[in-house]
Amino acid sequence: MTKALVLFSGGLDSLLAAKILESQNITVEGLCFTSNFFDGAKAKKAAEANGIKLRTKDISEEMVKLVKNPQRGFGKNMNPCVDCHTLMIKLAAEIAEKNGFDFVATGEVLGQRPFSQNRQALKEVQKKSGGEVLRPLTAKLLEETSMEKKGLVNREKLLDIQGRSREKQNNLIKEFGIKEYESPGGGCLLTDPGFSGRLSKALQMVPDLKTEGIELLKKGRIYWFKLKGSPVLLVIGRDKEENGQLRKSTKKGDLLIYPEDLKGPVSLLRIFNQKENIFLGNKKTEIKIPAERTYLSISNEFKDTEDIIKTAAEFTGWHSSQKRGIKDKFNVNVS
């Protein structure tokens, strides 16, 4: 029996691609890639609801390298969609070959995304990935694949959808018995303007930023400084959940700063590229919280650890409105 590996996001298009192939008695398995920028929660939920076997693969390291140097550049934000699709097709082809699948398929639609799903981009992805791919939703508008020529797939039962309208896809929901699917878009943080701004700044400060550093950018309020020439990231929790996440995100050399008496934000202070542990031992520090926001007047270059701790505590306290203009003690704990 023919076996197909379908790149699976949990959205309607990837579901339809899987169901179209299943209707031809092809055994289908979904493949979901995960990274710092997208997870597999939606794919898992949709796969379980629609009876599709799903495998996942973490490509965090590959995606970080790609974001730092995309050959085809970015889309509207920091989304290197063409290079990302090329990477996914390449890896999917390798997985398919190792696990006895006959071909790889996706839910891509010609013209649905002007940057990454135009005819030229689809051809380029296939050429650079080295892996042939079937696109069931739009196959009749593209050149015939070897899978169709060999009779593994009946081309006449594939579709000719193109453009951004989803009317045809919506009409197929009932026909294929699709029970649950995720709305299109919003699954990748690299398409988010806010996160893209954070990531761009972070890569300017720390060009060799690793995956654990990128994870911190997804939490709290972000501020950057320098201490003795080394980049320093201050992340301030915005609620109880983020405070807990920051406590769990520390690694050796990080500082956790939080008020001693009143409830308030927790801050994580991390120095990058430090050759030695500058912060030694836990301490308490008492400071007066600024009554007004004065961040723009504060130098982002520090030569003394006490100064940067004091500033980090001021920032932390200011984000608790009841502390503004008063003195308070802060715990400073070294991981």
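Strand β8 (residues 255-259) pairs with strand β12 (residues 327-334) in the antiparallel sense, over 5 bridges. Strands here are DSSP runs of E of at least two residues, helices are runs of H or I of at least four, and both are numbered from the N terminus; two strands pair if DSSP finds at least two bridges between them. The structure is a predicted model, in which local features need pLDDT of at least 70, side-chain atom pairs count only at pLDDT 80 or more, and totals for chains, interfaces and linings use all residues. Residues are numbered from 1 along each chain as its sequence is written, and side-chain values use heavy atoms, with hydrogens and water left out.

Tyr 258 has Asn 331 of β12 as its bridge partner. Strand β10 (residues 283-288) also runs antiparallel to β12, joined by 6 bridges; there, Thr 285 is partnered by Phe 330. With strand β9 (residues 267-271), β8 forms 3 bridges, again antiparallel, and Leu 255 stands opposite Leu 269.

These strands belong to an open sheet of 7 strands with mixed pairing, in the order β10-β12-β8-β9-β7-β6-β11. Its edge strands, β10 and β11 (301-302), each pair on one side only.

Gly 51, which follows α2, has a positive phi near 65 degrees.
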